[in-house]
Amino acid sequence: MDLQINKNDRINWTTSFAKVAGLKTAIYSSDVPLNHEKTALLVHGINGSHYGLMSVANEMLDSGWRIIMVDLPGHGASDIPDWSDLQGLQNWFNELVKVVSKNFGHLSKIVAHSFGCYSVRPVSAAEIVFVNPVPHISGLYKHSASLAKILYLPGASAVYDWVPFSALRGFLLQSKYSRSRETWNRQHLVAGKDSKTSAKKRQFQTKLAEICRVDNPFKGFAPDKVIMGSEDKMSLDRSAQQMQKTFPSSKIIEIRGGHLLPIENPTELCAKILL
């Protein structure tokens, strides 16, 4: 389970590859600060990679936290598994926590965004934070999933991942109050980083997204904290009151923004994560 370390060209980050539940998984760790009492694991959403969480990761680094990020199975630099169901995803996460804990020490927080929330299971002594979870998918989410099915057509992946189109899709998921040149630049940068995703990975992600249609995927488990965007249109739980009904034991925090809070509002999001 020891990690194979390969330095990349980003300052203060190390890329590692580990076998997690038999799957080659990409793990990204900050070199500093080396404070094992304040280590957080960040998990991204569907069709993305760790790059989508980079802005909030940098904010947490500035607050003195050591950050570990990961690419979900079939995303980023992680391999495609032979499963595409909720149980497989959660089994992978359980093994991931063991690998990360062995190599990086105790995890104080686990922060998951959007689809990444489906993977998370309880972890001893770690605070679990969900950002923009989607317990009940909206018509917009179903429409986005239907659009993604074009990825089975020859050459469609190249169009889907054309950087301006990819950035626009993400930009439209932001709140109209958040949209600015700065958030567009962040979205465009993330789209550029994720634009080289293979057609096979995009097709796998389309199958994996069907997990969203599972009846009550969070049954029997609630995070310690839920941070939701006040203008998030991907979930039917569009108010703090509705989200509280889904997660009755969780602390619900609502901030202004849409579905992509890590890109729209990383500074305020970081503050609420660390609250």
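## Helix α10

In helix α10 (residues 266-274), the residues Pro 266, Leu 269, Cys 270 and Ile 273 are buried, where buried means under 20% relative accessible area with a 1.4 Å probe, counting protein chains only. Because these buried residues fall within an arc of 100 degrees when viewed down the axis of α10, they line one face of the helix; the arc is that of the directions from the helix axis to the C-beta atoms. Helices (H or I, at least four residues) and strands (E, at least two) are DSSP runs numbered from the N terminus.

## Basis of the values

This is a predicted model, in which local features need pLDDT of at least 70 and side-chain atom pairs count only at pLDDT 80 or more, while totals for chains, interfaces and linings use all residues. Residues are numbered from 1 along each chain as its sequence is written, and side-chain values use heavy atoms, with hydrogens and water left out.

## Aromatic pairs

The structure holds six aromatic pairs, a pair being rings of Phe, Tyr and Trp (its six-membered ring) with centres within 6.5 Å, called stacked if the planes are under 30 degrees apart, edge-to-face if over 60 and tilted otherwise. The rings of Tyr 118 and Phe 218 are stacked, because their centres lie 5.2 Å apart and their planes meet at 20 degrees. This pair links distant parts of the chain, with Tyr 118 in the loop between β6 (109-113) and β7 (127-131) and Phe 218 in the loop between α7 (199-208) and β8 (225-229), 100 residues apart. Tyr 118 and Phe 218 are both buried.

Phe 218 also pairs with Phe 130, and here the centres are 5.5 Å apart and the planes at 50 degrees, so the pair is tilted. Phe 130 belongs to strand β7 and is 88 residues from Phe 218. Ring pairs join Phe 115, Tyr 118, Phe 130, Phe 218, Phe 221 and Phe 247 into a cluster.

Val 20 stands opposite Leu 23 in β3, and two residues lie between the strands of the hairpin, where Ala 21 in the turn has a positive phi of about 50 degrees.

## The chain as a whole

The protein chain comes to ten helices and nine strands, and buried residues make up 55% of its 275 residues.

Methods:
Buried < 20%, exposed > 50% of the residue type's maximum accessible area, 1.4 Å probe, protein only. Pairing = 2+ DSSP bridges.
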